[in-house]
Amino acid sequence: MNGPHDLGGQMGFGPVAPEKDEPYFHAEWEKRALGVTLTAGAMGAWNIDESRHARESLHPADYYASSYYEIWIKALETLLKRHNFVTENDFKAGDAVDPAATPKRVLRAENVPATLAKGGPCDRPVEGPARFSLGQRVRTKNFHPTGHTRLPRYARGKEGVIDAVRDGFVFPDSNAPGQGENPQRVYTVVFSGGELWGEGADSTLEVSIDAWESYLEPA
């Protein structure tokens with residue numbers, strides 16, 4: 001979606017200034033935010049794409065005023081309410097006062113290392129040959145969905161070259177709203193700086209993205 005998270009190529013936010021020797025967490029509560037979010041996700045009520053879309057759906061003013069893990073916690077509140085694990089009354093009371101849904105599974109402390117090591121693979125088999133081939137010129141579609149998508153706004157309606165043909169992966173655009181995984185083949189597409197940023201772009205710049213097959217059409 002065209003939300004506050006999609007900042008590629010946007011101006012007015014100042015330079016990107018990575019923090020030298022940045023710690024994993026800047027405060028103790030951030031550790032808990034990560035742990036609670038992962039544990040809640042392990043209940044099996046939502047998938048990673050729905051979780052991402054919940055963060056993207058925050059109001060821009062709220063999103064930009066929040067730190068990284070504040071965004072995570074605010075999105076988690078949305079997901080927990082949406083799937084009936086907590087209610088607004090619970091939040092106001094600071095305790096569980098209303099009946100709650102039963103999780104499909106519970107992640108226990110002794111199982112955390114194995115669960116994290118296993119991860120959440122999103123590769124899936126797809127039938128039929130690849131629609132596009134290595135070295136082929138393609139154009140990304142120019143669309144502006146209200147739901148989740150992995151095609152960045154700056155790369156829509158742009159012409160590039162297939163640099164690699166990948167296997168099939170879960171299609172996030174349909175997975176986020178619960179419409180099924182609908183796996184598609186993924187392609188690495190390379191764009192010139194001029195194609196993306198126009199006149200005055202660095203002539204030596206190239207940008208590559210991984211694009212699902214339905215994002216592309218022949219150039």
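The largest pocket of this predicted model has a volume of about 1000 Å³. A pocket here is an open set of points on a 1 Å grid over the protein atoms alone, where a 1.4 Å probe fits, with protein on both sides within 12 Å along at least five of seven lines. Grid points are joined across faces, edges and corners, and a volume is the space filled by probe spheres set on the points. Residues are numbered from 1 along each chain as its sequence is written. Local features need pLDDT of at least 70, side-chain atom pairs count only at pLDDT 80 or more, totals for chains, interfaces and linings use all residues, and side-chain values use heavy atoms, with hydrogens and water left out.

**Largest pocket**
- The largest pocket is lined by 31 residues, where lining means an atom within 4 Å of a point.
- Closest to its centre are G41, A42, I48, G119 and G120.
- Elements giving two or more residues to this lining are α1 (28-41), α2, α4 and α6 (112-118).
- Helix α1 gives the most, with six residues.
- By class, the lining of the largest pocket has 14 nonpolar, ten polar and seven charged residues.
- Ala, Val, Leu, Ile, Met, Phe, Trp, Tyr, Cys and Pro count as nonpolar, Asp, Glu, Lys and Arg as charged, and the others, Gly among them, as polar.

**Second largest pocket**
- The second largest pocket holds about 450 Å³ of space.
- Of its 23 lining residues, R52, H148, T149, R150 and W212 are the closest to the centre.
- Both α2 and β4 (206-212) supply at least two residues each to the lining of this pocket.
- The largest share, four residues, comes from α2.
- The lining of the second largest pocket divides into twelve nonpolar, four polar and seven charged residues.

**Fold and extent**
- The protein has eight helices and five strands.
- Helices (H or I, at least four residues) and strands (E, at least two) are DSSP runs, numbered from the N terminus.
- From the N terminus on, the order is α-α-α-α-α-α-β-β-α-β-α-β-β.
- The C-alpha trace spans about 55 × 45 × 35 Å along its principal axes.

**Helix packing: α2 with α4**
- Helix α2 (residues 48-56) and helix α4 (residues 68-82) have axes that come within 8 Å and cross at roughly 115 degrees.
- Axes are lines fitted to C-alpha atoms, for helices over the stretch in contact, and angles run from 0 to 180 degrees between N-to-C directions.
- This crossing is right-handed.
- A crossing is left-handed if the near helix is turned anticlockwise from the far one by less than a right angle, and right-handed if clockwise.
- From α2, E50, S51, A54 and R55 meet I71, W72, A75, L79 and R82 in α4, with contact meaning heavy atoms within 4.5 Å.
- The residues of this contact divide into five nonpolar, one polar and three charged.

**Helix packing: α1 with α4**
- Helices α1 and α4 pack at an angle of about 35 degrees, with their axes 10 Å apart.
- The crossing of α1 and α4 is left-handed.
- On α1, the contact uses W29, E30, A33, L34, V36, T37 and A40.
- On α4, Y69, E70, W72, I73, L76 and L80 take part.
- The contact of α1 with α4 has ten nonpolar, one polar and two charged residues.

**Annotated domains**
- UniProt (unreviewed entry) lists residues 1-108 as "domain: Nitrile hydratase beta subunit-like N-terminal".
- That span is 45% helix and 0% strand, with its end C-alpha atoms 34 Å apart.
- The UniProt annotation "domain: Nitrile hydratase beta subunit" (unreviewed entry) covers residues 121-218.
- Residues 121-218 are 9% helix and 35% strand, and their end C-alpha atoms lie 29 Å apart.
- UniProt positions are given in the numbering used here, feature names are shortened, and annotations may be inferred rather than shown by experiment.
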